[in-house]
Amino acid sequence: MTILLFVLCGFSFYLGGIFCSEKEGVNVNTAMDIENSVTSSRDTVVSPLQLKPVVFQECSKEYQDYTPCTDPRKWKKYGFYRLTFMERHCPPVFERKECLIPPPDGYKPPIRWPKSKDECWYRNVPYDWINKQKSNQNWLRKEGEKFLFPGGGTMFPNGVSAYVDLMQDLIPEMKDGTIRTAIDTGCGVASWGGDLLDRGILTVSLAPRDNHEAQVQFALERGIPAILGIISTQRLPFPSSSFDMAHCSRCLIPWTEFGGIYLLEINRILRPGGLWVLSGPPVNYENRWRGWNTTVEEQRSDYEKLQELLTSMCFTLYNKKDDIAVWQKSTDPNCFDKIAADAYPPKCDDSLEPDSAWYSPLRTCVVSPDPKLKRTSLMAIPKWPDRLHTSPERVSDVYGGSAGTFKHDDSKWMVRAKHYKKLLPAIGTEKIRNVMDMNTVYGGFAAAIIDDPLWVMNVVSSYAANTLPVVYDRGLIGTYHDWCEAFSTYPRTYDLLHLDGLFTAEGHRCEMKYVLLEMDRILRPNGYAIIRESSYYVDAVASMAKGMRWGCRKEETEYSTEKEKMLICHKKLWYSSSRKSR
């Protein structure tokens with residue numbers, strides 16, 4: 001029995017050894033197969049995206065000024081409370097237009113900058129209503145085939161230059177590079193922003209879409225930065241502490257109503273030490289009230305309410321003369337800390353992200369500056385033009401951002417811009433004035449071409465890292481946007497569109513067809529597009545662009561890599577097939 005037991009035990013150990021060795025052999029072979037498979041897939045070049053050729057039809061002529069997300073034909077669907085119908089309301093996918101927006105009859109290539117600041121072709125912006133209603137205020141006047149812009153306005157009957165001269169006397173910081181970025185709410189035809197361009201101040205002119213006036217379209221036709229927008233129920237698409245100066249010249253915004261919610265939004269986007277300029281009611285009510293269809297008591301009450309509201313938000317009266325009053329936002333964190341939770345308006349709690357500005361509702365609370373930031377106030381940030389290439393403090397708030405990555409990005413775009421100008425010599429000439437960088441990071445492209453006679457609207461995706469504060473700290477302008485939707489502008493408003501890997505980054509969310517059709521809508525006839533993309537997308541983009549009547553050629557990048565290519569595209573001028581004979 002003992003001998004039999006030893007034999008059985010030995011046999012079992014023998015079988016166990018065979019089983020284990022086979023198991024280990026299977027594991028080793030499987031691991032080698034997996035590794036080979038991974039290596040093989042890594043070395044495999046992904047085939048370019050292939051699309052069937054497509055030809056897009058013309059939209060009917062009634063869509064020549066179509067703005068999909070601010071369409072007056074849809075206004076009745078939305079509420080009139082606080083003018084919410086003028087905010088962005090984009091059509092659902094099944095209502096999107098898949099056609100090309102035609103230019104108006106008689107459209108001509110725009111008059112070039114700087115002559116365009118003073119005149120534009122009537123047929124390019126054929127609105128008689130604004131001419132009849134505002135001609136007595138010298139906004140513009142029609143002479144022959146042109147609109148002329150004398151530089152007048154409701155609050156500057158002696159011309160915008162005289163108005164800005166007075167403003168500079170009140171605000172010396174406008175002369176020495178301290179003030180670089182501004183926003184003009186209720187901009188008219190953007191004469192104020194146009195005059196400031198000659199003084200080294202870059203202004204975002206803001207106005208809503210309306211049935212007749214087309215203020216933003218006039219501004220962009222003149223070559224002045226502008227965007228469709230309104231302070232209503234949602235935040236403006238800008239980060240906190242962005243602008244050095246904000247301006248309202250009889251913009252008729254009820255600043256003290258609804259808990260001061262509109263002025264609280266100005267507070268959010270104005271950097272510490274920034275200036276808010278108001279001309280018009282109730283400023284200088286003592287001498288002006290008779291022309292405002294009101295009483296002196298009502299205007300005195302309005303002014304006192306405004307002053308009380310501004311004081312509660314840590315603003316102080318900076319200067320005042322005649323029709324212009326200037327208030328300054330405090331740089332003292334202690335002032336904001338003293339705002340109690342039960343004050344009116346109260347201080348915003350920490351749960352409200354100051355830079356959240358894409359379809360974010362307005363709140364009746366005071367957004368206080370981040371006390372950790374010591375170099376973002378108006379007096380602490382470098383003066384223009386030094387701030388353009390100085391690493392901003394807020395770059396460290398970006399994931400992976402640092403002074404080193406900022407400098408690297410700055411240098412990279414200097415090389416790229418030089419290469420772009422070889423491929424597209426029109427950059428730097430009068431042919432290109434209004435430029436959009438559709439998915440910028442730090443505004444590097446705009447910085448690299450800053451000496452050219454153009455301006456750049458820097459767009460940061462609402463789904464990307466929040467780098468727009470860095471753009472503004474450099475003294476550049478821009479906006480948040482989601483390219484799955486239409487941009488807040490009129491058709492035919494940009495001379496050059498630039499994108500860098502947009503389809504690679506957003507292709508899983510936004511259908512390429514609709515992004516390209518939107519690019520066609522906002523690009524002027526005879527305008528250009530620089531499309532820098534992975535090799536996977538380039539051929540498909542070129543094929544679809546051909547169906548939009550664009551001419552594109554494929555080019556190498558500055559480093560001639562296989563993974564990335566460029567398309568230099570030109571949008572041809574065409575007219576509607578139903579065009580009236582002239």
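Reply: Start with a definition: a disulfide is a pair of cysteine sulfur atoms within 2.5 Å. Keep in mind throughout that this model is predicted.

Me: Is the link of C69 and C90 right-handed or left-handed?

Reply: Look at the angle about the S-S bond. For C69 and C90 the angle is 110°, and the link is right-handed. The pair links distant parts of the chain, 21 residues apart. Both C69 and C90 lie in the loop between β1 (57–58) and β2 (99–100).

Me: Which link is left-handed?

Reply: The link of C248 and C251 is left-handed, with -95° about the S-S bond. The sulfur atoms of C248 and C251 are 2.0 Å apart.

Me: What about C348 and C365: what is the angle about the S-S bond?

Reply: The angle there is 90°, which goes with a right-handed link. C348 and C365 are joined with an S to S distance of 2.0 Å. This pair also links distant parts of the chain: C348 and C365 are both in the loop between α9 (333–337) and α10 (403–423), 17 residues apart.

Me: Is C90 buried, partly exposed or exposed?

Reply: The idea is to compare a relative accessible area with two cut-offs: buried means under 20%, exposed means over 50%, and partly exposed is in between. C90 has 23%, so C90 is partly exposed. C348 counts as buried at 11%, and C365 counts as buried at 11%. Another buried residue is C120, with 2% relative accessibility.

Me: How many residues of strand β17 are buried?

Reply: For a strand, the reading is made residue by residue. In β17 (residues 523–534), 11 of the 12 residues are buried, so the strand is largely enclosed by the rest of the structure.

Me: Which strands are joined to β17, and do they run parallel or antiparallel?

Reply: Bridges show which strands pair, and the direction of each strand gives the rest. Strand β16 (residues 494–500) is joined to β17 by 6 bridges, and these two run parallel. Strand β19 (residues 564–571) is joined to β17 by 7 bridges, and that pair runs antiparallel.

Me: Which residue of β17 is the bridge partner of L497?

Reply: The partner of L497 is A529. A529 also stands opposite C569 in β19.

Me: How many residues does the largest nonpolar core have, and which have the most contacts inside it?

Reply: A core is read as a set of buried nonpolar residues joined through their side chains. The largest one here has 131 residues, and F218, W255, W276 and M519 have the most contacts inside it. Apart from this core lies another, of 20 residues, which includes Y163, L170, M174 and I201.

Me: What does W276 touch?

Reply: Leaving out residues up to four places away in sequence, W276 touches several residues, among them A246, H247, W255, L263 and F315. W327 and V326 are also among the residues that W276 touches.

Terms used: Residues are numbered from 1 along each chain as its sequence is written. This is a predicted model: local features need pLDDT of at least 70, side-chain atom pairs count only at pLDDT 80 or more; totals for chains, interfaces and linings use all residues. Side-chain values use heavy atoms; hydrogens and water are left out. Helices (H or I, at least four residues) and strands (E, at least two) are DSSP runs, numbered from the N terminus. Buried means under 20% relative accessible area, exposed over 50%, partly exposed in between (1.4 Å probe, protein chains only). Two strands pair if DSSP finds at least two bridges between them. A nonpolar core is a set of buried Ala, Val, Leu, Ile, Met, Phe, Trp, Tyr and Cys residues joined through side-chain atoms within 4.5 Å. Contact means heavy atoms within 4.5 Å.
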